[in-house]
Amino acid sequence: MSDLLDDDLEFRGGTLQLSSENNAEEQGGSSNTLGVNISKPSILSGADSLPSNSSTSSLAEGRPQEANASAAPPEQQTVYPRYDVPFNRENIQDFFTFRKGVVESAIQECITVLLFPEDGEYLGSWLLTEITLWDNEKERIVLLTSRLVMTIKYDFIAMKQLDFKKTYLDDLDTIVIGELVYPPSSLVPERNLRGVRLMWNKGEPLPLKMAWNPFSQDVPFITFASHPIYWHKDDEVEERSTYDMEIFAQKLQRAVEAMASSSCCIHHAPIVIQSYVGVTSMLHNKTSMGFFKVRGKFSF
């Protein structure tokens with residue numbers, strides 16, 4: 001039943017922004033006044049669709065001195081945004097991945113069966129949340145090597161690998177690390193969550209047939225966030241790091257920078273999820289349908 005729910009259909013209201021190139025040209029005069037460099041790779045990340053007041057700190061130079069004076073000292077500012085802890089302690093225990101040894105066994109199996117010497121040096125493994133194009137959360141094992149990122153769909157009830165996808169680091173042209181946000185016209189509540197997006201479409205907008213097809217398997221980017229268990233593990237830091245997107249993003253960045261053949265650009269900016277109504281995705285995520293867990297008398 002879990003497999004049938006992976007491809008959720010959803011009505012999208014509003015207007016999909018496929019390219020911000022025209023907006024960037026219209027705003028070019030005002031941006032140049034502030035000395036801000038607008039980069040095209042943000043088309044897929046969605047950063048250009050944000051209002052000017054959500055821009056990065058590089059715009060602070062154009063603000064009045066009074067606003068700067070009232071700002072808190074850098075050492076007192078929060079590095080990461082606030083996050084509303086997902087689920088409660090009692091609910092998180094229904095996740096099969098919360099059980100001791102389950103994740104470790106699954107990861108070890110995937111490493112043994114799916115990784116080969118030609119895939120490069122093994123760098124790390126994680127259990128993360130993949131956020132799809134349609135804003136649905138999915139539980140995924142992620143393996144990182146010096147050559148690729150492997151995303152694995154794993155059945156934690158039957159303890160078997162269902163599907164996997166390889167993304168080669170050489171193919172990446174942009175990595176965006178930052179807060180997950182929605183367009184200003186979206187009705188979806190804010191997530192208050194950070195993520196990392198890997199992109200390999202040369203900054204081009206998504207074709208309509210791909211952007212509006214919930215069954216498309218060729219979306220040229222993938223987005224990860226920390227797994228919900230991360231906020232409920234009281235064990236050692238090393239064990240909690242298995243569910244931590246931030247550590248994955250750091251090691252991914254180092255792996256890309258170590259590749260002489262890579263021309264990938266790394267940005268620290270908001271990652272816009274193009275969801276405007278999101279009724280089915282909110283229901284999907286609220287009920288954790290993308291995760292394997294006990295649901296009353298059933299488990300799926």
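Asp 119 counts as buried, with a relative accessibility of 2%, where buried means under 20% relative accessible area, exposed over 50% and partly exposed in between (1.4 Å probe, protein chains only). The model is a predicted one, in which local features need pLDDT of at least 70 and side-chain atom pairs count only at pLDDT 80 or more, while totals for chains, interfaces and linings use all residues. Residues are numbered from 1 along each chain as its sequence is written, and side-chain values use heavy atoms, with hydrogens and water left out.

Asp 119 forms a salt bridge with Lys 166, and the closest N and O atoms of the pair are 3.3 Å apart; the term denotes a side-chain nitrogen of Lys or Arg within 4 Å of a carboxyl oxygen of Asp or Glu. This pair links distant parts of the chain, since Lys 166 belongs to strand β4 (residues 160-168) and Asp 119 to the loop between α6 (102-114) and β1 (122-131), 47 residues apart. Helices (H or I, at least four residues) and strands (E, at least two) are DSSP runs, numbered from the N terminus. Lys 166 counts as partly exposed, because its relative accessibility is 29%.

By the salt-bridge rule, the count comes to six. In one of these, the side chains of Glu 246 and Arg 194 meet at 2.5 Å, N to O. Glu 246 lies in helix α9 (residues 245-257) and Arg 194 in strand β6 (residues 193-199), so this pair ties together parts that are 52 residues apart in sequence. Both Glu 246 and Arg 194 are buried. A salt bridge also joins the side chains of Lys 233 and Glu 239 (3.3 Å, N to O). Lys 233 counts as buried, at 10% relative accessibility. Asp 135, Glu 137 and Arg 191 are linked in a network of salt bridges.

In soluble globular proteins, nonpolar side chains tend to be buried together. A nonpolar core is a set of buried Ala, Val, Leu, Ile, Met, Phe, Trp, Tyr and Cys residues joined through side-chain atoms within 4.5 Å. The largest such core has 25 residues, of which Cys 110, Ile 141, Leu 143, Met 150, Ile 152 and Phe 156 touch the most other members. At least two residues of this core come from each of α6, β2 (137-145) and β3 (148-155), and α6 supplies the largest share, seven residues. Leaving aside residues up to four places away in sequence, Leu 143 touches residues including Ile 107, Cys 110, Leu 115, Gly 124, Met 150 and Ile 152, contact meaning heavy atoms within 4.5 Å.
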